[in-house]
Amino acid sequence: MREQLIACGGEIHFEKKLTDLQVMNGQIESIITADGTKFKADAYILATGHSARDIFQLLHQKNISIEAKPFALGVRIEHPQQIIDAAQYHCSIRDSDLPPAAYSLVEQINGRGVFSFCMCPGGIIAPAATDPGELVVNGWSPSKRNNPYANSGMVVQVSENDALNYFKQLGKPIDSSPLLLMQFQQAIEQKAFNAGGGKFVAPAVRMADFCNNKFSASLPSCSYLPGIVAQDIRNVLPSFVYKSLQGGFESFGKKMRGYFTNEAVVVATESRTSSPVRIPRSADTLTHPQLSNLYPCGEGAGYAGGIVSAAMDGQKIAQLIALL
Ligand SMILES: Cc1cc2nc3c(=O)[nH]c(=O)nc-3n(C[C@H](O)[C@H](O)[C@H](O)COP(=O)(O)OP(=O)(O)OC[C@H]3O[C@@H](n4cnc5c(N)ncnc54)[C@H](O)[C@@H]3O)c2cc1C
């Protein structure tokens with residue numbers, strides 16, 4: 001892909017971090033990188049992903065409009081793969097010709113969506129934080145899907161009102177702003193980091209204990225390499241999140257035999273399901289409403305969720321720019 005870009009006259013600049021934008025007459029005039037280099041172009045595609053909080057802050061400081069975007073936050077749940085295989089294939093041992101089983105679960109709990117996200121059969125729970133003092137977990141499966149665990153994000157819808165109420169209940173009321181949901185996300189990630197005692201150890205609890213508001217005296221083995229520590233993760237998650245998750249797990253246990261079990265472990269926190277910020281753009285020109293040569297793109301701008309949709313969004317913008 002890189003060779004193709006270079007063959008078409010493109011340049012690739014690694015280790016260049018965007019740190020500033022210069023705006024003139026309703027356009028981006030140039031961009032500056034951390035080493036002070038200035039780049040000028042006819043069009044600028046902003047595709048820095050959903051974790052580039054410095055970029056959201058930069059846009060907000062420069063009065064380039066951005067919007068708070070509802071997202072979802074929760075935990076990662078890990079079962080022995082054999083339990084998921086038994087539930088899905090209705091047999092105690094999976095036939096060797098069958099792949100490790102996956103699942104997809106969704107439920108409304110008190111009018112709020114609770115759903116599985118990025119389920120990883122035969123997978124691994126991985127650390128995915130991007131800043132010091134924060135803990136984020138995500139999941140992936142090796143191509144052979146041969147780990148003995150099945151993990152999945154299990155997340156709850158979060159709105160701006162939820163975040164406002166959360167900060168109010170903490171005794172730290174804040175005004176609504178486009179960065180509100182990002183600040184909420186960050187606050188939970190910091191709580192998870194502290195609850196784990198630092199060093200990216202994740203706070204965890206067995207599934208049935210979590211639903212019964214009990215502390216787990218012991219934890220099962222878990223694929224998360226930095227390690228897990230038994231904690232009351234109700235102290236990490238806002239009450240509307242953990243109560244929705246409790247209702248969700250109990251309901252999923254009725255849909256999938258064996259799913260609701262103390263052999264499964266709940267690991268906090270899964271918080272980067274999608275961007276908590278949207279960078280607006282025109283549906284026709286794909287440009288920002290204030291800047292006629294800025295193209296917000298991909299997951300961070302709020303136009304994709306996952307590898308393929310982010311790539312397709314990039315392709316759509318590149319094709320449009322090529323025709324200018
Ligand atoms: C562990 C894990 C597993 C995943 N598994 C899957 C999966 O199985 N399937 C799936 O569809 N999705 C999966 N995802 C999600 C997927 O990775 C994202 O949806 C996708 O990468 C979003 O693409 P993007 O191009 O919008 O942003 P990104 O891939 O996040 O790319 C943004 C880029 O911008 C760079 N950047 C940020 N700030 C700056 C700056 N200031 N200056 C210059 N560059 C900057 C970043 O370094 C990064 O390279 C997974 C994510 C994780 C973390």
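Visitor: Which residues are linked into a cluster by ring pairs?

Guide: Before anything else, please keep in mind that this is a predicted model. In it, the residues that ring pairs link into a cluster are Tyr-166, Phe-167, Phe-184 and Phe-240. The count of aromatic pairs comes to 7.

Visitor: What makes Tyr-166 and Phe-184 an aromatic pair that is edge-to-face?

Guide: Two values have to be set against their cut-offs, one for the distance and one for the angle. The ring centres of Tyr-166 and Phe-184 are 5.2 Å apart, and rings pair if their centres lie within 6.5 Å, so the two form a pair. Their planes stand at 85 degrees to each other, and because planes over 60 degrees apart count as edge-to-face, that is the name this pair receives.

Visitor: Why is it said that this pair ties together parts that are apart in sequence?

Guide: Tyr-166 belongs to helix α4, residues 160-169, whereas Phe-184 belongs to helix α5, residues 180-195, so the pair joins parts that are 18 residues apart in sequence.

Visitor: How do you know whether Tyr-166 and Phe-184 are buried or exposed?

Guide: A residue counts as buried under 20% relative accessible area. Tyr-166 has 7% and is therefore buried, and Phe-184, with 0%, is likewise counted as buried.

Visitor: Why is the pair of Phe-193 and Phe-200 called edge-to-face?

Guide: Their ring centres are 5.5 Å apart and their planes stand at 75 degrees, so this pair is edge-to-face as well, given that the angle needed is over 60 degrees. As for accessibility, Phe-193 has 15% and counts as buried, while Phe-200, at 34%, counts as partly exposed, because that term covers values between 20% and 50%.

Visitor: What makes Ser-152 a buried residue, and which residues does Ser-152 touch?

Guide: Its relative accessible area is 0%, so Ser-152 is buried. Ser-152 lies in strand β11, residues 149-158, and, not counting residues up to four places away in sequence, touches Val-75, Arg-76, Ile-77, Tyr-103, Ser-116, Phe-117, Cys-118 and Met-119. Ala-150 is also in strand β11 and counts as buried at 0% relative accessibility; beyond its neighbours within four places in sequence, its contacts include Ile-77, Glu-78, His-79 and Met-119.

Visitor: Why is Asn-63 called exposed, and why is Arg-145 called partly exposed?

Guide: Exposed requires a relative accessible area over 50%, and Asn-63, with 61%, is therefore exposed. Arg-145 has 39% and so is partly exposed. Asn-63 sits in the loop between α2 and β5 and has a positive phi of about 60 degrees although it is not a glycine. Arg-145 sits in the loop between β10 and β11, with a phi near 50 degrees, again a positive value in a residue other than glycine.

Visitor: What makes the peptide bond from Ala-268 to Thr-269 cis?

Guide: That bond has its omega near 0 degrees and is cis; Thr-269 lies in strand β14, residues 265-270.

Visitor: Finally, how many helices and strands does the protein chain have, and how do you know how compact it is?

Guide: The protein chain has 9 helices and 16 strands. Its radius of gyration is 22 Å, close to the 20 Å that the globule rule gives for 324 residues, so the chain is as compact as a globular protein of that length.

Methods: Residues are numbered from 1 along each chain as its sequence is written. This is a predicted model: local features need pLDDT of at least 70, side-chain atom pairs count only at pLDDT 80 or more; totals for chains, interfaces and linings use all residues. Side-chain values use heavy atoms; hydrogens and water are left out. Helices (H or I, at least four residues) and strands (E, at least two) are DSSP runs, numbered from the N terminus. The radius of gyration is taken over C-alpha atoms; the globule rule is 2.2 Å times the number of residues to the power 0.38. Buried means under 20% relative accessible area, exposed over 50%, partly exposed in between (1.4 Å probe, protein chains only). Contact means heavy atoms within 4.5 Å. Rings of Phe, Tyr and Trp (its six-membered ring) pair if their centres lie within 6.5 Å; planes under 30 degrees apart count as stacked, over 60 as edge-to-face and the rest as tilted.
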